[in-house]
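Subject: Handover of a structure

Dear colleague,

Please find the structure below, followed by an account of what was found in it. I would be grateful if you read the two together.

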Amino acid sequence: MTIRADLHNHSCLSPCGDLEVSPIRLARRAAERGISLIALTDHNAAGNCPAFAEACRRVGLMALFGTETTSREEVHILSLFPDVESALDWGRWVYDRLPDFRHDPEKLGDQVVVDVDENILAFEERYLIPAIEASIDDIVAETLQRDGLVIPAHIDRSAHSIYSQLGFLPDLPFSALEITRRPPPPGAEDYTLICDSDAHFLDDVGRRTFTFSAEISVDSSGQEVFNALAAALQERRTTLSI
Amino acid sequence: MNLRELPKVLDLEVLQDTFDDRPLSGAYTSDLLSDVMAHANDADVLITIQSHKNTVAVASLVGVGAILLSNNRPVPEEMIQAARDESIGIFRSRENQFVLSGRIYRILNAE
């Protein structure tokens, strides 16, 4: 069966995200837009993954959990895991390396942890955007060591991408590369390509997606879903909406 | 010298002119916004090639008065608008950061 996936989304925990984007609204909007596999990837934090897991269960979506991490080089990289516990554990590794800049919600936007019913559980006080004390290589190695998928985000953007920050693609075992337009940059075709919405607002959910074939459904376990995706990436079986 | 005099002295394009004047007492040069956040607190002007909206957010956080973009870098309208909202000037030069930093360093150390 054809699975439509969007692996890069932000909730109200990301400061640049809209306060409106609670995990439950994100899940509902994704379902409305025909997405069957969705991931939550807030900046340097996985705090809304528990609520997101419950939201996806309620709505009937397959889900993956992780972060969009900012490396020391200020490259954005997605790390994805099959279950909330792994994502939270990963989130702790990231947070331990995040410098302690006090967050200013008025200037920078709110960073809110919520439950599935949109009750506020906490305000994140450390600014989540800055680079963590880990390089691209460190993030790739650590994610793979934890059996996650590691995907450099929006590699063709003019900011916070591998190409904007380094000017070239380092030879690392990325699970895939995320592009936002065609043609992909030189060297990128050697890797599996995906595209995602990178949604910070509800309207943008699913604006870019990719599909792959797998025999998985909401009744599959998180690990089964994850493995099916990993196989599709490994075998370069993705079809992009762009 | 004041910040508003800098464009004339260094022959800079002024892309966003809504900002408060202040004496020019410090500058910082970096392309990593995290580095700017950690070290640019005494800077009045930030010299960088990072011409995007996030630079404005960081400049606002550390209290920089103007951003000076090097290498004649293209500037998106949303960066200019963000800077206008924050009252942070945007200047641009054909020169690279080495030259611009050197010139501003000399100005700051001559007074």
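In chain A, seven strands make up an open sheet of mixed pairing, in the order β7-β4-β3-β2-β1-β10-β11. Strands are DSSP runs of E of at least two residues and helices are runs of H or I of at least four, both numbered from the N terminus; two strands pair if DSSP finds at least two bridges between them. The edges of the sheet are β7 (149–152) and β11 (239–240) of chain A, each with a single partner strand, so one side of each is left without a neighbour in the sheet. Within this sheet, β1 (residues 2–6) and β10 (residues 210–213) of chain A pair in the antiparallel sense over four bridges. Arg4(A) stands opposite Thr211(A) in β10(A).

The model is a predicted one: local features need pLDDT of at least 70 and side-chain atom pairs count only at pLDDT 80 or more, while totals for chains, interfaces and linings use all residues. Residues are numbered from 1 along each chain as its sequence is written, and chains are lettered from A and ligands numbered from 1 in the order in which they are written.

Chain A as a whole has seven helices and 11 strands. Its radius of gyration is 16 Å, close to the 18 Å that the globule rule gives for 242 residues, so chain A is as compact as a globular protein of that length. The radius is taken over C-alpha atoms, and the rule is 2.2 Å times the number of residues to the power 0.38. Buried residues make up 52% of chain A; a residue is buried if 20 or more other C-beta atoms, placed from the backbone, lie within 10 Å of its own.

Helix α2 (residues 49–59) of chain A has several buried residues, among them Cys49(A), Phe52(A) and Cys56(A). The buried residues of α2(A) pack against α1, β2, β3, α3 and β5 of chain A. Just after α2(A), Gly60(A) takes a positive phi of about 95°.

Chain B holds five helices and five strands, which run α-β-β-α-β-α-β-α-β-α from the N terminus on. Of its 111 residues, 41% count as buried.

The two chains meet where 10 residues of chain A are in contact with 11 residues of chain B, contact being C-beta atoms, placed from the backbone, that lie within 7 Å.

Yours sincerely

Technical notes:
A residue is buried if 20 or more other C-beta atoms lie within 10 Å of its own, exposed if 12 or fewer, and partly exposed in between; C-beta atoms are placed from the backbone.
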